[in-house]
Amino acid sequence: MIAFILLLSTCLWISSGDAYELTQPEQIHLSYGVDPTQMIVTWVTMDSTPQTTVEFGRSPTDLNTVTQGYANRFTDGGTEHRVMYIHRVVMTGLTPDGTYFYHCGSDSGGWSSVYWFKAMKEGNSWSPYFAIIGDLGNVNGVSIPYLQKEVSKGKYDAVLHIGDFAYDMDSDNARVGDEFMRQMEPITAYVPYMTVVGNHEAA
């Protein structure tokens, strides 16, 4: 009887752990909004969550502004028809050139780590620093570690990816795309990741 109870407890723990992992935010990336007072956060979960929330503020220990967003159910076009949920929140009221800290997720589904970013400067009397990349694959993405290092040092205002992602985003029922965006998260969770469609994204 004791062995049965222990086995049942283990199975329940594994089951709840798997469910939590499906709702954990991943593939987090920033993008610019319509003006310097906005920043958009996008992320993915593999199951639906009751809320799509970002908490942010000027201190990593005081994320005192709470903003709700929305999630879209996405069904991949591959043979497995994998389902995932794409979440998006627009942070507003930012001070241009201000540094902010944030995390995303929900109390029921789980939260991301705390990341930081700088809001866009306003006006036209400054020169942005961009990292411009293209044709970056999931395998042999040799420039990714260098980008991670330089972004962590605050060298870029944004990353511009001018097409051809992961090779290809939809390969292996979109698992290649998922893994690529996980690799990019240490970059894209800190600076806006602005993209252009390439010929590999023709689908």
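**From a helix side chain to the sheets**

Arg182 has a relative accessible area of 33%, which makes it partly exposed. Here buried means under 20% relative accessible area, exposed means over 50%, and partly exposed lies in between, with a 1.4 Å probe and protein chains only. Glu179 falls into the partly exposed class as well, at 34% relative accessibility. Salt bridges that share partners connect Glu26, Glu179 and Arg182 in one network. A salt bridge is counted when a side-chain nitrogen of Lys or Arg lies within 4 Å of a carboxyl oxygen of Asp or Glu.

The model is predicted: local features need pLDDT of at least 70, side-chain atom pairs count only at pLDDT 80 or more, and totals for chains, interfaces and linings use all residues. Residues are numbered from 1 along each chain as its sequence is written, and side-chain values use heavy atoms, with hydrogens and water left out.

Helices (H or I, at least four residues) and strands (E, at least two) are DSSP runs, numbered from the N terminus. Side chains of opposite charge can pair when their charged atoms come close.

How many salt bridges does the rule give? The count comes to 6. One of them joins Arg175 to Glu80, with 2.7 Å between the closest N and O atoms. This pair links distant parts of the chain, since Arg175 is in helix 3 (residues 175-188) while Glu80 is in the loop between strand 5 (70-75) and strand 6, 95 residues apart. Arg175 also meets Asp172 in a salt bridge, at 3.7 Å from N to O.

Neighbours within four places in sequence aside, His81 is in contact with Thr75, Asp76 and Asn173, where contact means heavy atoms within 4.5 Å.

Helix 3 leads on to a sheet. The helix lies across strand 10, strand 12 and strand 14, and runs at about 125 degrees to strand 14. Axes are lines fitted to C-alpha atoms, for helices over the stretch in contact, and angles run from 0 to 180 degrees between N-to-C directions. The 3 strands form an open sheet with parallel pairing, in the order 10-12-14. Strand 10 (130-133) and strand 14 (193-195) are the edges, each having a single partner strand, so one side of each is left without a neighbour in the sheet. On average, neighbouring strands of this sheet are turned by 20 degrees against each other, direction ignored. Two strands pair if DSSP finds at least two bridges between them; strand 10 and strand 12 (residues 158-161) have 4 bridges in the parallel sense. In this pairing, Ile133 stands opposite His161 in strand 12.

Strand 1 (residues 26-32) runs antiparallel to strand 2 and is joined to it by 5 bridges. A hairpin of 6 residues connects strand 1 to strand 2, and Tyr32 stands opposite Met39 in strand 2. Strand 2 is also antiparallel to strand 6 (residues 83-91), through 7 bridges, with Val41 opposite Val89 in strand 6.

Why is strand 2 described as largely enclosed by the rest of the structure? The reason is that 7 of the 7 residues of strand 2 (residues 39-45) are buried. In a regular strand the side chains alternate between the two faces of the sheet. In strand 2, Met39, Val41, Trp43 and Thr45 point one way and Ile40, Thr42 and Val44 the other way, and all are buried.

Some totals cover the whole protein. It has 3 helices and 14 strands, and 41% of its 203 residues count as buried. Of the contacts between residues at least 6 apart in sequence, 66% join residues at least 24 apart. The accessible surface is about 11200 Å², of which 56% belongs to carbon and sulfur atoms; accessible areas come from the Shrake-Rupley method with a 1.4 Å probe, and for residues only the protein chains shown count as cover.
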